[in-house]
Amino acid sequence: MKAALGFCLVFLTLRSPGVLSLSTHVAIVYPQDPVLRMGSNLTASCWVHPELGVHANSLFWTLNGHQLPSSLYRVLSPTNLSVTLAGLNASRQTSGDNLVCHNHKGHILAGSCLYVGMPPEKPVNLTCWSRNTKDLTCSWAPGGKGETNISTLYKLKYKLRWYGTEKECEDYSHTQPYSCSITQDLHLFTPYEIWVEASNRLGRATSDVIILDILDVVTTDPPSGVTVSRLGQLEDQLSVRWEAPPALKDFLFKAKYQIRYRLEESQDWKVMNDVGNQTSCRLAGLRPGTVYFVQVRCNPVGIYGSRKAGIWSEWSHPTAASTPHSERLMSCDSKSSGDSNSTLRRELKQFLGWVKKHAYGCSSMSMKLYDQWRVDMQKSPKTRNQVGSPRG
C-alpha cells in the first residue's frame, strides 16, 4: 500500500543485546525518490519495532552529523518519530546529504542519503575549432549559475547536416571541463550540426544548435623559428623573421600574421595588426639601448577558399633582442656617469658569471648571448631586482 503511495522503506536489521536470537526492524520512511529540488520540503519517519522496547520520544535525527532541533520532530506513535525539513538547501557534496535516525545512546538505527539540487539550464557559449583540420574540439559553459549541486551529465552531440546520423563525442577532456574533441571520421567541405545535452535526475536541457564547416574554424600552431636581430647600428629598429606553421604547408591558404612587442621592464604589449602574409617585419620607433620581447601568431585565413575570418593561433614563445645604444645619450656629467658606470659594472659582473655556465670559448661571446642572458634574467625576480638597483 505504501508503495502505491510513492514511498519506500529502508530496513536495518538489529540484534537486541541480552535477548538471544531476537531480531527486530527499524525503518526510515521518505519520498521514494530522494533527489529533491532546492527549496522543497521533506518529511521522513523513523519507525521502531515494538519488540525493541524503544519509545519514539528517545529518538533523535541528524543531518550530515549535526543534530536537528526537536522543534522539527513529531511523534506519530509510541514507536514512530518524524522530522520535517522545510526549504532544503543544496547538497554540500555530490555524494549527497546523510539524514540519520539515532536512539538515545546515539547509535544509528536507520539512514538515508538525500540529493538536493536543481535541474540543469540550457548550456551556453558553445564554440568549436579545428587544429590543422586534424580534429574538431568544442567547449561550452553550463547555463544559469552553472552549479546544479547534484551529479549532472553533459554530452556533446553532432551529425552531418543533411544526411548524417546523430553521434556523441567520446574524447572528453580530463583537464578542461566542458570540452570534448572529435578525432575520427572528420568530413571537410560538409557542414556539421553540433549541440550539447545536459541531464540529471531533476531534468534535462539542450543548447542551441550551431552549424559550421571545419574549414571555417581552423587554427594552427604558432609560427616557428622566430628571430629578432638588429639592423646594423640603427638604434631605433629591430628586424623580426619567422617561418609559416609547418602543419599547414600543404594547404592552400593565405595566412596573416600579428606581431606584439614590449619593453623588458613592462607588461604592456604593443600589437602590429597590418603585417599581412609576409614572414618578416621591421619594428621602428624603438628606444635605443633597450631590450624588447617579441611574439608572433598566425591566422590561416582563407584555407581552401573559406570566406570566414579564421581563428588566431597562440602566440609564439617570447624572443628577446636589444637595440644599439645611442651615442647622443653619452654624458660628461661626472655624477651621472658614475651612477651609470656603477650599474654597468654590476650588470657586467652578473653577465660574466652567467656566461661561465652557458658559454664555452670566446666564439660564443656575442650580442645574441647577451640577449639570451636578459631573457633568463627576466625569469628570475631576484636577479632582475639586482640589476639597476644600488645596494644599500
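Start with the disulfides: there are 3 in this model, counting any pair of cysteine sulfur atoms within 2.5 Å. The model is predicted, so local features need pLDDT of at least 70 and side-chain atom pairs count only at pLDDT 80 or more, while totals for chains, interfaces and linings use all residues. Residues are numbered from 1 along each chain as its sequence is written, and side-chain values use heavy atoms, leaving out hydrogens and water.

Select cysteine 46 and cysteine 101, whose sulfurs sit 2.1 Å from each other. Cysteine 46 belongs to strand S4 (residues 42-48) and cysteine 101 to strand S9 (residues 97-102), so this bond ties together parts 55 residues apart in sequence. Strands are DSSP runs of E, at least two residues, numbered from the N terminus. The S-S torsion is about -85°, so the link is left-handed. Cysteine 46 is buried at 0% relative accessibility, and cysteine 101 is also at 0% and buried; buried means under 20% relative accessible area, exposed over 50%, and partly exposed in between (1.4 Å probe, protein chains only).

Next, pick cysteine 128 and cysteine 138, a disulfide with sulfur atoms 2.0 Å apart. Cysteine 128 is in strand S11 (residues 124-131) and cysteine 138 in strand S12 (residues 136-141). Here the torsion is 105°, a right-handed link, and both cysteines are buried.

Now go to cysteine 169 and cysteine 180, joined at 1.9 Å between sulfurs. Look for cysteine 169 in the loop between strand S14 (167-168) and strand S15 (171-172), and for cysteine 180 in strand S16 (residues 179-182).

Finally, select cysteine 113, partly exposed at 23%, and cysteine 298, buried at 0%.

Key
Helices (H or I, at least four residues) and strands (E, at least two) are DSSP runs, numbered from the N terminus.
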